[in-house]
Amino acid sequence: MKILLAYSSKTKNTKKVAEAIYEDIKNLGDVDLIDIKKHKKKISKEYDFYILGAWTDKTNANKNMQHFIDTQEIHNKDVAIFLTCGVPREHYHADDSINNYIEFMKERNNRIHKTFICQGKIDPKVMIVFRILTWKDPNFIHKVTPDLVEMVNESKTHPDAQDLKDAQDCFSALLKDMALEKSPLNV
Ligand SMILES: Cc1cc2nc3c(=O)[nH]c(=O)nc-3n(C[C@H](O)[C@H](O)[C@H](O)COP(=O)(O)O)c2cc1C
């Protein structure tokens, strides 16, 4: 099975998760790992399955990943998706983010076989920008509140070893199920 494992990463959290997944699944198929920044044009190779990882922005996959999905015409395909986000994975905002990404993929008639989300550290430089923007506009979407500051502190260690293992287990189990024809892909 030809698999495209593509990621969008600004500060390397999502890259780290994608590389961990790649190490675990590279022998389970013909897997290409790519950073979408380096692939602006349509990729000519056809894939049977897509694993698409993005960093979270505005409670969804970031715009570059959304643009990539449309440029590469990942429509009516079999896919799995993952996100890294600023909040702990149990937080309602993590659910909202992955649900918005699911919705985005479904609007393009994609069939989603698996989703995964974990926390990723928020770059301290981003917090400086967020503070300035909060000062300029008290209704700024990422307004710096004591809750946000606490979450940023909590995020510092992520993605950690457990996050990487969970991501590996999640996608290797999916591909093994597909090989055993247990997955809806083969039904
Ligand atoms: C401009 C900006 C906006 C962000 N917006 C969100 C958001 O809406 N929700 C969220 O959970 N995390 C948000 N984050 C945090 C990132 O999604 C998180 O730190 C992610 O792990 C970064 O991944 P990367 O290192 O692969 O770029 C934002 C980060 C930046 C820089």
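Which helices and strands each supply at least two residues of the shell around the ligand? They are α1 (13-25), β3 (49-57), β5 (78-85) and α4 (124-136). Helices (H or I, at least four residues) and strands (E, at least two) are DSSP runs, numbered from the N terminus. This is a predicted model, in which local features need pLDDT of at least 70, side-chain atom pairs count only at pLDDT 80 or more, and totals for chains, interfaces and linings use all residues. Residues are numbered from 1 along each chain as its sequence is written, and side-chain values use heavy atoms, without hydrogens and water.

**View 1. The shell around the ligand.** The ligand is surrounded by 22 residues, and Ser9, Lys10, Thr11, Thr14 and Thr56 are the closest. A residue is near if one of its heavy atoms lies within 4 Å. The strand β3 gives the most, three residues. By class, six shell residues are nonpolar, 11 polar and five charged; Gly counts as polar, and Asp, Glu, Lys and Arg as charged.

View 2. Polar contacts are pairs of N or O atoms within 3.5 Å. A polar backbone atom of Gly86 is 2.9 Å from a ligand oxygen. For Lys58, a backbone N or O atom lies 3.0 Å from an oxygen atom of the ligand. For Lys12, the distance from a polar backbone atom to a ligand oxygen is 3.1 Å. The protein covers 91% of the 640 Å² of accessible area that the ligand has on its own (Shrake-Rupley method, 1.4 Å probe).

**View 3. Between two domains.** Domain 1 (2-121 + 158-182) and domain 2 (122-157) both give residues to the shell, so the ligand lies between them. Domain bounds come from an automatic or database assignment.

View 4. Most residues other than glycine have a negative phi, and most peptide bonds are trans. Lys12, not a glycine, has a positive phi of about 85°. Lys12 is in the loop between β1 (2-7) and α1. His158 and Pro159 are joined by a cis peptide bond, with omega about 0°. Pro159 is in the loop between α5 (146-155) and α6 (161-179).

Definitions and conventions. Polar contact = N/O pair within 3.5 Å; in protein donor to acceptor, adjacent residues only side chain to side chain.
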